[in-house]
Amino acid sequence: RGAVIDYAKYCLRTLEAMLNSGETTGFVPSVEEILAYKERPPILATIYLVDGNIITENLPLTPDLNVAKVLEMCSGWLDLKDSRINTLGMFVYDLGEQESSRGGSDPYSKAAYADLKRTPRPLRNEDYMGDTIVQKARQRRKFKFVLKRKLFLSKYNYRGEDPFFERMTYLQAEDEAIIQGNLQVPAVEQAQQLAAISMAVAFGEEMPDSVDAMVAANVDEFVPPSWRASKTAAQWAELILQFRDGLVFVDPDDLQDRFLQIVQQSAVYGSHWFYAHKLEPASQAGIPQSIRSLPYDIMLAFNAEGMHIFTFDRTLLLSF
């Protein structure tokens, strides 16, 4: 069974660590730590950055270690010095249904939300990652843990002295604007700038210098999704090449800061998004007309300013 296999892997990984470092500390677990094994299993956790790079692989986590302690460990490994590290959080990314050799249907396939895209879910600091593993096993869903910023306040929108924290902030902003398309880009000029900066950060001085080379490098994948289909890849290449010479020799940290300054102008920068359906209640009594008139398919965005309701194409409907 999967749980037995996972526990065996945990034991082997823990034994390997003991053989490498020795177990001569005389550590005696507390009663609370022992009781935690009754609540959730020990796990091996692999934690990623937004761009898919691994922070730690198969990290043995005892059942008493909550998310706050894991965040502290990750900050130490990454040598983060920025005062805003308390804005980091652990997110659960859903990766689809498990491929089970034993078959069986998804127990949640008939739920009202079954047809909705599952966006990254932030864990609370007091949550335990082992509980997530148990939950996902019951749902038969694949997933991964990702470390990224959870809290965004306007007073924190400044360039700090910690280059890796700035890098993490940039990667998250790039993911939201270029990959997920959660940040609406109002003008084609901004779309050009963001695409050009993203390419310059990715390629550096090796950034393609011709239309054909740009197309071969999948230039359209660097364009915000809402603008991507408005031009051909060759047309985007011609527009982005206009910025190339002014970007390729700029320090990558400065380029990342330019990108952030553009996306931070968005009212929904730093929001967390969730797909949802508006279900009809048994009675409409007491429900405001603004809520009654909402469509069936909606997106909920949460940020420092409150909750915002959008259509699936990111048209704002209501804010609270």
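Modeller: A residue is called buried under 20% relative accessible area, exposed over 50%, and partly exposed in between, with a 1.4 Å probe and protein chains only. This is a predicted model, in which local features need pLDDT of at least 70 and side-chain atom pairs count only at pLDDT 80 or more, while totals for chains, interfaces and linings use all residues. Residues are numbered from 1 along each chain as its sequence is written, and side-chain values use heavy atoms, with hydrogens and water left out.

Colleague: Is Glu 166 buried or exposed?

Modeller: Glu 166 is buried, at a relative accessible area of 11%.

Colleague: Which residue forms a salt bridge with Glu 166?

Modeller: Side chains of opposite charge can pair when their charged atoms come close. A salt bridge places a side-chain nitrogen of Lys or Arg within 4 Å of a carboxyl oxygen of Asp or Glu. Here Arg 84 pairs with Glu 166, the closest N and O atoms being 2.6 Å apart. Arg 84 is in the loop between helix H3 (67-77) and S3, and Glu 166 is in helix H5, so the pair ties together parts 82 residues apart in sequence; helices (H or I, at least four residues) and strands (E, at least two) are DSSP runs, numbered from the N terminus. Arg 84 counts as buried, at 1% relative accessibility. Asp 82 joins Arg 84 and Glu 166 in a network of salt bridges.

Colleague: How many salt bridges does the structure hold?

Modeller: The structure holds eleven. Among them, Glu 280 and Lys 278 meet at 3.3 Å, N to O. Glu 280 is exposed at 53%, whereas Lys 278 is buried at 11%.
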